[in-house]
Each structure stands twice: as C-alpha cells, then as structure tokens.
Amino acid sequence: MKKQASTKTDEIFNSIEGIKRIPAPDFFYTRLKAKMLARQTGGETSPPAIPTRRILRPAYVIAFLAALIVFNLVSLIKQNNEENVAVNAEPENSQNIASAYHMDDNLSYDLNQ
Amino acid sequence: MNEFELIQELRNGNEQAFKTLVETYQDMVFNTAIGIVQNVQDAEDVAQEVFIRVFRAIHSFKGESKLSTWIYRITTSCALDLIRSRKSKKRFAFLQRLFGENNEPIYEVPDFNHPGIALDQKENAARLFKAIDQLPENQKVAFTLHKLEDLSYQEISDVMQTSVSAVESLMHRAKQNLKKILEKDIG
C-alpha cells in the first residue's frame with residue numbers, strides 16, 4: 001500500500017517533465033504599451049508608492065488593535081485609581097479647610113453653650 | 001544589438017529597444033509568472049507589471065548580473081506580490097462574510113491546468129501544481145525556476161541572491177514537502 005502511494009507520488013512528480021514553454025499572449029506588447037500610456041495619463045491607478053499593503057496586513061492590524069485596547073484599559077484603570085484617591089482625600093481636604101477657619105475645634109459650639 | 005547596447009538604448013528611452021526587450025523576454029517572463037501564480041490572466045498582468053518595472057528601473061540596473069537574471073528577479077517578486085494580494089483579498093472577503101450581510105460563498109479557485117502539459121499528464125500535473133501552491137514562498141520560487149524554467153542551482157542562486165547551498169537546501173525541503181502533501185492527498 002505504502003509502495004503504491006510512493007509510486008503514485010513519483011508519477012505525479014514526473015508529470016511536469018518535458019513541460020512545454022507556452023508563448024506569451026497575442027498582442028502582448030500592444031496591450032503593455034496601452035497600459036503604460038493609461039498610467040501616464042492617469043487613466044489607470046498604478047501601485048501605491050507608499051507600501052500601504054504591508055501596513056494593512058492582518059498581523060499588523062490585529063497588533064495595532066490589541067495595543068489600542070491595552071492602552072484604553074490602562075487609562076481606565078488609572079482613571080479609576082485617581083478617582084478613588086480623590087474620594088479618600090476629601091475628608092482630609094475638609095479638615096484642612098476647617099482648620100484654616102478655626103472650625104476644627106468646635107469653638108462655635110462652645111461659645112453657644 | 002548586444003545586451004550592453006540594449007541597456008544603453010533603454011536608458012536613452014529608445015522605444016524600439018524597449019520593444020526588442022519585450023519580444024526577447026516576454027515568453028520567459030510569462031512562463032515564470034504562470035508557474036508561480038498558476039493563472040493565465042494573472043500571469044499576463046504580472047508580465048506587464050514586470051516590463052513596466054524594468055522600464056522604470058533600468059537606470060538603477062548596475063550590470064553586475066545578466067539582464068535575464070535581473071528580469072527573473074523582478075518577475076518572481078511581482079508574482080509573489082500578486083499571490084500575497086490574493087491572500088489578503090481572500091481574508092478580507094472571509095471577514096466580510098462573518099461581519100457583513102453578504103452571504104455569497106467565497107469563490108474557490110479551480111485546479112490549475114498548465115497549457116504546456118501533455119493531455120495524458122494533466123490530472124497529475126494539476127495535483128502537483130496544487131501542492132506547489134502550498135509551499136513556502138522561497139521553496140516555491142526555487143522549485144519553479146528549476147523545474148519549469150530549467151535554471152541551474154547557480155543561476156537560481158543569482159536570481160534569489162543567495163548561495164548555491166541555500167538553493168540546494170530549498171530544493172531538498174521543497175521536494176520533501178511536496179511528497180508529504182501529495183501522499184496526504186492520495187490518502
């Protein structure tokens with residue numbers, strides 16, 4: 001069975017032995033000149049000078065999106081942390097204001113008594 | 001007109017020289033392209049692109065290699081660019097199907113029948129070309145240049161700008177990979 005498969009593989013491998021060279025299509029030069037003229041006059045878009053194709057490869061696009069998501073997550077976490085710090089710091093701020101106006105020792109309550 | 005004179009005339013923008021260049025090398029370029037892209041229409045597009053690039057870049061050709069070597073190099077580069085662009089379009093079409101409303105089936109390329117293959121070998125050759133299409137780019141180029149264009153390992157190393165031993169290694173791996181793919185296909 002294995003020998004049969006190997007023979008078949010060799011047969012397939014040898015199928016291109018003696019392959020004939022085929023001539024280029026008729027009027028190849030005429031069509032080529034027409035294409036070059038069209039590009040010169042702006043009729044046909046030529047390949048981009050900037051290699052945008054490489055930038056648009058899926059691997060690069062996915063890596064960019066992943067980086068964007070990570071950046072957003074880090075920003076959100078940082079923002080959350082800053083908010084928590086602000087909330088915790090509030091009582092301290094109130095204390096500072098109170099002491100500035102001498103209200104921290106409840107003097108006004110004493111005076112009223 | 002010898003090669004040196006041809007290059008000089010091309011640099012001068014001589015149209016007759018360009019026509020001579022195209023007529024001399026069009027079959028070589030077309031056959032190399034067809035072996036790599038495996039489609040007659042695409043091979044013609046590639047061949048046209050090759051001569052346009054040759055015309056534009058003739059001033060940068062230093063003459064360190066033969067003109068044919070340089071043209072082979074441009075041909076393989078253009079052919080591989082087309083294959084990569086085909087794969088990108090296929091991926092994009094697949095994503096469109098997933099996320100868009102377009103439910104049309106993706107068009108699958110039929111088996112390639114090389115026009116230069118004898119009738120009794122067409123089926124086997126189609127299987128081989130399908131296997132060649134699955135090879136990594138370097139192996140595909142080396143195998144195509146050797147088997148279809150009859151280039152020696154030295155000539156292939158000049159085209160691919162690598163060493164002869166690297167080409168030998170590429171050919172060895174290409175043959176091994178092809179045998180694996182074909183054995184899997186035969187079952």
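## B:Thr76 in helix H4

B:Thr76 belongs to helix H4 of chain B, residues 67-99; helices (H or I, at least four residues) and strands (E, at least two) are DSSP runs, numbered from the N terminus. In this predicted model, local features need pLDDT of at least 70 and side-chain atom pairs count only at pLDDT 80 or more, while totals for chains, interfaces and linings use all residues. Residues are numbered from 1 along each chain as its sequence is written, chains are lettered from A and ligands numbered from 1 in the order in which they are written, and side-chain values use heavy atoms, with hydrogens and water left out.

The relative accessible area of B:Thr76 is 8%, so the residue counts as buried; buried means under 20% relative accessible area, exposed over 50%, and partly exposed in between (1.4 Å probe, protein chains only). Leaving aside residues up to four places away in sequence, B:Thr76 touches B:Thr32, B:Ile36, B:Val141 and B:Leu145, where contact means heavy atoms within 4.5 Å.

## B:Asn31 in helix H2

B:Asn31 is placed in helix H2 of chain B, residues 15-37. B:Asn31 is buried, because its relative accessible area is 5%. A polar atom of its side chain lies 2.7 Å from the backbone oxygen of B:Asp27.

Apart from residues up to four places away in sequence, B:Asn31 has contacts with A:Lys20, A:Arg21, A:Ile22 and B:Glu149.

## Nonpolar core

The largest nonpolar core holds 65 residues; such a core is a set of buried Ala, Val, Leu, Ile, Met, Phe, Trp, Tyr and Cys residues joined through side-chain atoms within 4.5 Å. The members that touch the most other members are B:Phe18, B:Leu21, B:Phe51, B:Leu67 and B:Ile71. Helix H2 of chain B gives the most to this core, with twelve residues.

B:Phe51 touches residues of chain A, A:Phe28 and A:Leu32, as well as residues of chain B, among them B:Phe18, B:Leu21 and B:Tyr25, not counting residues up to four places away in sequence.

## Aromatic rings

Over all chains, the whole structure has six aromatic pairs. Rings of Phe, Tyr and Trp (its six-membered ring) pair if their centres lie within 6.5 Å; planes under 30 degrees apart count as stacked, over 60 as edge-to-face and the rest as tilted. The ring centres of B:Phe112 and B:Phe129 are 5.2 Å apart with planes at 85°, so this pair is edge-to-face. It links distant parts of the chain, 17 residues apart: B:Phe112 is in the loop between H4 and helix H5 (122-132) of chain B, and B:Phe129 is in helix H5. B:Phe112 is buried at 9% relative accessible area, and B:Phe129 is buried at 0%.

A:Tyr29, B:Phe18 and B:Phe55 make up one aromatic cluster. B:Lys179 lies over the face of A:Phe13, 5.5 Å from the ring centre; a charge sits over a ring if NZ of Lys or CZ of Arg is within 6 Å of the ring centre and within 35 degrees of the ring normal.

## The two chains

Chain A contains five helices and zero strands. Of its 113 residues, 15% count as buried.

Chain B contains eight helices and zero strands, and its C-alpha atoms fill a box of roughly 55 × 40 × 30 Å along the principal axes. Of the 187 residues of chain B, 41% count as buried. Among its contacts between residues at least 6 apart in sequence, 61% join residues at least 24 apart.

How values were computed. A polar contact is a pair of N or O atoms within 3.5 Å; within protein, one must be able to donate a hydrogen and the other to accept it, and residues adjacent in sequence count only if both atoms are side-chain atoms.
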